[in-house]
Amino acid sequence: MDRTVEFARMNGLGNAILVVDMRGRSDAVTPAAAIALNADPQTRFDQIMAIHDPKATGTDAWIDILNSDGTKAQACGNGTRCVVQALAAETGRKTFTFQTVAGVLNAEEHADGTISVDMGKPVFDWNRIPLAEDFHDTSRIELQIGPIDDPVLHSPSAMSMGNPHAIFWVDRDVMSYDLARFGPLLENHPMFPERANITLAQVTSQSGMTTRTWERGAGLTLACGSAACAAAVSGARTGRTGRKVAVTVASAVPSGVLTIDWRESDDHVVMTGPAAWEWSGRVDPETGAFTREPDTGAQATGAQA
């Protein structure tokens, strides 16, 4: 019996995503497979989005998310957009409801090809983010990198978008900071018992900001959708921006924009942006061994590709 399944290499603003079709199977993509796939330059990724049969009535699929180090992730906005694009191409449908560890996500593909994902409500309670210390106000917590009298980064906003985030506000180009050096220290800081996504954010206007992210379990990433959501919400929460923000992801190649709307009507965060298919293949979900299909220019469409 063929142990392999179909998968697609995709990206959301350059955020490298592997969409793996696990429908009709009872097994899962293993951490060993994820590590093996990430070790190959062809399949190096930020997140794996494994599509499983739905577990809950009213949902279209259960999405299992893995980081490039084999650990589990609770949420991935850019990856969710990739799943929507793949399933929309397969089914012709435009709206989907997914279940993840972080909860239920509703998503829609628009006529212009952009995709909106309802990321749910942000979480601000210190013990639910979670943080190791009790902070009454998590919009500014006590944490810094560098000398006490002249820190390089300090006083981040902390919150959860299904996964923990710390947003450090900076006043110069986010690409000018040595995030590759600070990122691992901050991700694994004792303040974050479940580690954290670390984002640098520079506010450019009441409705705009630029971000760069060190992603928990993945490292320096070209883009991180949940981090863009966290930055936009934190900007509004601290009075730096309004509730609808165009987030320019500086590290994306080329740099791209995500529109984040923290809706007043229900406090849900809606992220809108692009997704792109690159190529398709088959992969063994246990070992990570894969084959790449000839590039015909046609988009992968899940089980029907």
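Colleague: What volume does the second largest cavity have?

Modeller: The second largest cavity has a volume of about 60 Å³, where a cavity is a set of points on a 1 Å grid over the protein atoms alone at which a 1.4 Å probe fits but cannot get out, and a volume is the space filled by probe spheres set on the points, which are joined across faces, edges and corners. This is a predicted model, in which local features need pLDDT of at least 70 and side-chain atom pairs count only at pLDDT 80 or more, while totals for chains, interfaces and linings use all residues. Residues are numbered from 1 along each chain as its sequence is written, and side-chain values use heavy atoms, with hydrogens and water left out.

Colleague: Which residues line the second largest cavity?

Modeller: Its lining, meaning residues with an atom within 4 Å of a point, consists of Gln47, Asn67, Ala73, Ala75, Asn163, Asn197, Glu215, Arg216, Cys224 and Ser226. By class, three of them are nonpolar, five polar and two charged.

Colleague: And how many cavities of 30 Å³ or more are there?

Modeller: The structure holds three of that volume.

Colleague: What about the largest pocket, how much space lies in it?

Modeller: About 180 Å³ lies in the largest pocket, a pocket being an open set with protein on both sides within 12 Å along at least five of seven lines. Among its lining residues are Ala75, Met119, Lys121 and Ser160, and strand β7 (residues 103–109) gives the most to that lining, with three residues.

Colleague: Switching topic: why is helix α2 said to be largely enclosed?

Modeller: Because 12 of its 15 residues are buried, α2 is largely enclosed by the rest of the structure, with buried meaning under 20% relative accessible area for a 1.4 Å probe, protein chains only. The buried residues include Gly77, Arg81, Val84 and Leu87. Helix α2 covers residues 77–91 and reaches 21 Å from its first C-alpha to its last, close to the 21 Å expected at 1.5 Å a residue.

Colleague: What follows α2?

Modeller: Glycine 92 follows α2, and the phi of this glycine is positive, near 80 degrees.

Colleague: One more: is threonine 211 buried or exposed?

Modeller: Threonine 211, which lies in strand β14 (residues 208–215), is buried, with a relative accessible area of 3%. Not counting residues up to four places away in sequence, threonine 211 touches residues including Val174, Leu200, Val247 and Ser251, where contact means heavy atoms within 4.5 Å.

Notes. Helix = DSSP H or I, 4+ residues; strand = E, 2+ residues; numbered from the N terminus. Expected span 1.5 Å × (residues − 1). Buried < 20%, exposed > 50% of the residue type's maximum accessible area, 1.4 Å probe, protein only. Nonpolar A, V, L, I, M, F, W, Y, C, P; charged D, E, K, R; others polar.
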